[in-house]
Amino acid sequence: MLFHILACAVCCFVLSRTVAEAIRDNVPFYALLCEHLPGGRSCNLLVGYSAVYRVCFGTACFYLGQAAFLVNVTSSTSFRALLHNGFWFLKLLILVGLWAAAFFIPDQRFIYVWHLVGVCGGFVFILVQLVLITAFAHTWNKNWLTGASKDKRWCLAVLLATLGFYTAASTAYAFLYKFYTHPGGCALNKGLLAFNGSLCLLLSFISITPCVRLRPSSSGLLQASIISCYIIYLTFSALSSRPPEKVQYQGQNLTICFPTIGKDGLQTEDALVAVLGAGVMYACVLFACNEASLLAETFGPLWMIKVYSVEFQVGSFWSCGLVFGAGALGPVLGSSRSSMGQDESDHVVYSYSAFHFGFFLASLYVMMTLTNWFSYESAELEATFTHGSWSTFWVKVASGWACVLLYLWLLLAPLCLPDSQPTERYIRRRRRRRRELHRVSTAV
């Protein structure tokens, strides 16, 4: 995880226009180094989008190689697990070596091909995030309502959490309308805010309709409030990533649809928006990578499909401290969750391979986000989270709408499924099979 944070910091460093100018002016032997690189004397590949692509290429290879090496690791005492749990300095040297080697790759076809790989990997990672967020909201709601049926004090917790999420979503919505719209324009922003706000109201209404509450019976406003917050965040991310508009308003030529308003009444940039957008984005990245590795160990490679099928039938298996295991899977996975950080000689808590593969996809997603997806040639760090590009804007908008569709499917699909019993036996059978395989490998 720390290596990925370091890689993201390096990407931001080389993408910054200010840093690029400082490197050209102050780094010794800069011109001499450029002569020995494929970019020639112009040396554009040392900074800007080309440098980000190459750093992320080295990072992606670093994590993909570890993911392949750690497939089917069942014990932390095995030889391959030592690579995951140690050799930190050696791995740092390998990562830096991969970064350096990437700068010697000829530029003719590399950027184009790696861009296509990045687009595919970035969209896959977005899908992973959406699946995890929607299932997480459903699980949280199901567990707390299960607790409320046994202890009425949980009803207060459900009520306060629901009000908290709806208050946060409503406040954020008001701020977005205030700072990302203008009387002289921003019609697209106004339309998107109105449409996404209507979707949040629709989801809330559907989640409490009698036909939906029958199956699953735990559907309610808590999960709708969580999804509403996430949709509002994606709306904020989209609005802060679109190019500004230039209009004539009250006899003045204005650049509008910026996030803040200066003292003179004109809209100006705010670095806080960039920091907030980058921080929330990377928090979602870390959440997705960690939770995906936990679910992959429980359900196997097809966890993205199986996690929904189990959610239709049983309670929680999530590890987050806010979601207490009160359903049928709580006793099954509770012991493994509590063993986090303890001895894993018998069985690993999470999939080492899936953990690194998640960061492989995250490297591609971060690369595409920082370089404005399909408008990478004009990418600069100072404008990525405030001005962005239309391609970035529509990717974020499509992500929000895809989240709505996934959540609606999670609500409505059980209406079309036959009754079935909880699949606790499936989880126990899978864990027993893994232990048997581990005993066989140890005996050999």
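Tutor: Helices here are DSSP runs (H or I, at least four residues), numbered from the N terminus. The model is predicted: local features need pLDDT of at least 70, side-chain atom pairs 80 or more, and totals for chains, interfaces and linings use all residues. Residues count from 1 along each chain as its sequence is written, and side-chain values use heavy atoms, without hydrogens or water.

Student: Where is Thr181 found?

Tutor: In the loop between α8 (153-179) and α9 (187-207).

Student: Buried or exposed?

Tutor: Thr181 is buried, because its relative accessibility is 9%. The cut-offs are under 20% for buried and over 50% for exposed, with partly exposed in between (1.4 Å probe, protein chains only).

Student: What does the Thr181 side chain reach?

Tutor: The backbone oxygen of Tyr177, at 2.2 Å.

Student: New topic. How many aromatic pairs are there?

Tutor: The whole structure has 24. Phe, Tyr and Trp rings (six-membered for Trp) pair with centres within 6.5 Å; planes under 30 degrees apart are stacked, over 60 edge-to-face, the rest tilted. Tyr49 and Tyr376 make a tilted pair, 5.2 Å centre to centre with 55 degrees between planes.

Student: Which parts does that pair tie together?

Tutor: Tyr49 sits in helix α4 (48-69) and Tyr376 in the loop between α15 (352-370) and α16 (381-384), so the pair joins parts 327 residues apart in sequence. Tyr49 is partly exposed at 24%; Tyr376 is buried at 14%.

Student: And Phe123 with Trp373, how are the planes set?

Tutor: At 35 degrees, centres 5.0 Å apart, so tilted. Phe123 is in helix α7, Trp373 in the loop between α15 and α16, 250 residues apart. Phe123 is partly exposed at 38%, while Trp373 is buried at 0%.

Conventions: Helices (H or I, at least four residues) and strands (E, at least two) are DSSP runs, numbered from the N terminus. A polar contact is a pair of N or O atoms within 3.5 Å; within protein, one must be able to donate a hydrogen and the other to accept it, and residues adjacent in sequence count only if both atoms are side-chain atoms.
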